[in-house]
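Dear colleague,

I am handing over the structure below, and my notes on what was found in it follow directly after.

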Amino acid sequence: MVVRAGNRILALAPLMLETARMYGIPVRRVQFLHNDHTPKADVIVAERPDEAYAALWKALQGGRTKWDVLQLSQLQYDSPTHEQMAHFAASAAYPTTLWQSDNSPYLALEHDWNAYLKGHAKLRQNLRNRLNRLTKQCGEPTLEVISDRHAIRNARDEALKLEASGWKRHAGTAICSDPHVLRFYTLLADRAAASGWLRLLFLTVNGRRIAASYASRYQDRLSFFKTGYDPAFAAYAPFKLLTYFTIREGFSEGLREVDFLGDAEPWKLEWTATTRPHDWLFVFGHTARSSLVHTVKCRMLPAMKQWLRH
């Protein structure tokens with residue numbers, strides 16, 4: 001959905017309409033273009049937010065007979081979409097509810113690198129041990145950052161190979177394990193590289209790439225979104241070292257944040273204790289099916305969980 005004022009675009013809402021089942025009930029659902037590989041989603045608002053959100057809600061209401069549930073997934077907790085859509089829904093007597101999703105770790109690059117490491121003594125000691133062992137036995141590691149579109153294309157296959165190494169391939173979660181997922185990341189890489197946002201990060205030892213990450217850089221924020229390493233070097237924690245070099249360079253380059261995205265996994269919390277909550281906002285329409293889904297989701301299931309706890 002595109003909100004325009006004259007020839008200016010005020011906002012974009014990346015939505016899709018699908019037929020789905022929620023708690024066994026067939027519904028027509030409007031939701032963000034979202035899947036398991038989408039750590040964040042939102043309406044993109046360029047200017048005049050109040051008018052833009054009002055126009056979006058008016059268009060959604062105009063098509064209210066076409067949907068039972070509006071599902072806005074992976075909204076960052078402080079997104080104005082929360083307040084705006086909940087306000088419009090309440091004013092039109094549409095029931096709403098929130099489902100808490102993941103808390104994504106992020107690191108604000110404040111002060112300087114030395115001050116940061118000083119506050120992480122255990123991590124600093126672990127990094128020193130890994131670096132010393134890797135340097136002594138294999139050679140000195142370095143960070144390779146690729147941002148050129150054509151260079152990314154040439155290095156992409158090696159990044160995918162590293163991402164698929166070890167447990168991911170066996171578990172069937174590697175990018176290459178599913179042709180649809182592979183196509184998704186291939187297109188994402190091409191388009192992000194063309195916009196100047198994509199970074200391919202490699203940890204190299206004597207010219208050999210032993211760890212890799214797809215990352216994006218936008219407005220002084222670097223985000224990791226697909227990672228992997230050569231299991232032959234697992235004893236040296238190669239991705240931890242890649243993260244170490246990346247954050248250190250981020251301080252020197254004036255980055256303001258490194259976003260780890262996704263769940264608050266233990267390896268991410270070694271680097272930072274700060275996280276951002278994400279929610280799913282559900283708006284239930286004025287249809288019999290939406291009323292039934294709302295009753296099951298917001299009344300019956302909470303009551304059953306409460307009963308089971310006792």
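I9 is partly exposed, with a relative accessible area of 40% (partly exposed lies between buried, under 20%, and exposed, over 50%, using a 1.4 Å probe and protein chains only). This is a predicted model, in which local features need pLDDT of at least 70 and side-chain atom pairs count only at pLDDT 80 or more, while totals for chains, interfaces and linings use all residues. Residues are numbered from 1 along each chain as its sequence is written, and side-chain values use heavy atoms, with hydrogens and water left out.

I9 sits in strand β2 (residues 8-12), strands being DSSP runs of E with at least two residues, numbered from the N terminus. Together with V2, L12 and I44, I9 forms a nonpolar surface patch with about 330 Å² of accessible area (Shrake-Rupley method; patch residues have over 30% relative accessible area and no salt bridge, and nonpolar side chains are joined within 5 Å).

An open sheet of 3 strands has the order β1-β2-β5 with antiparallel pairing, where two strands pair if DSSP finds at least two bridges between them. β1 (2-5) and β5 (44-45) are at the edges with a single partner strand each, so one side of each has no neighbour in the sheet. Between β2 and β5 there are 2 bridges, and L12 has I44 as its bridge partner in β5.

Elsewhere, D279 belongs to strand β13 (residues 275-284). D279 is buried but has no salt bridge (a side-chain nitrogen of Lys or Arg within 4 Å of a carboxyl oxygen of Asp or Glu), and the nearest side chain of opposite charge, K297, is 11 Å away (Lys and Arg count as positive, Asp and Glu as negative, with His and the chain ends not counted).

Best regards

Key
Patch = residues over 30% accessible without salt bridge, like charges linked within 9 Å, V, L, I, M, F, W, Y side chains within 5 Å. Areas by Shrake-Rupley, 256 points an atom, 1.4 Å probe, with all protein chains shown as cover. Helix = DSSP H or I, 4+ residues; strand = E, 2+ residues; numbered from the N terminus.
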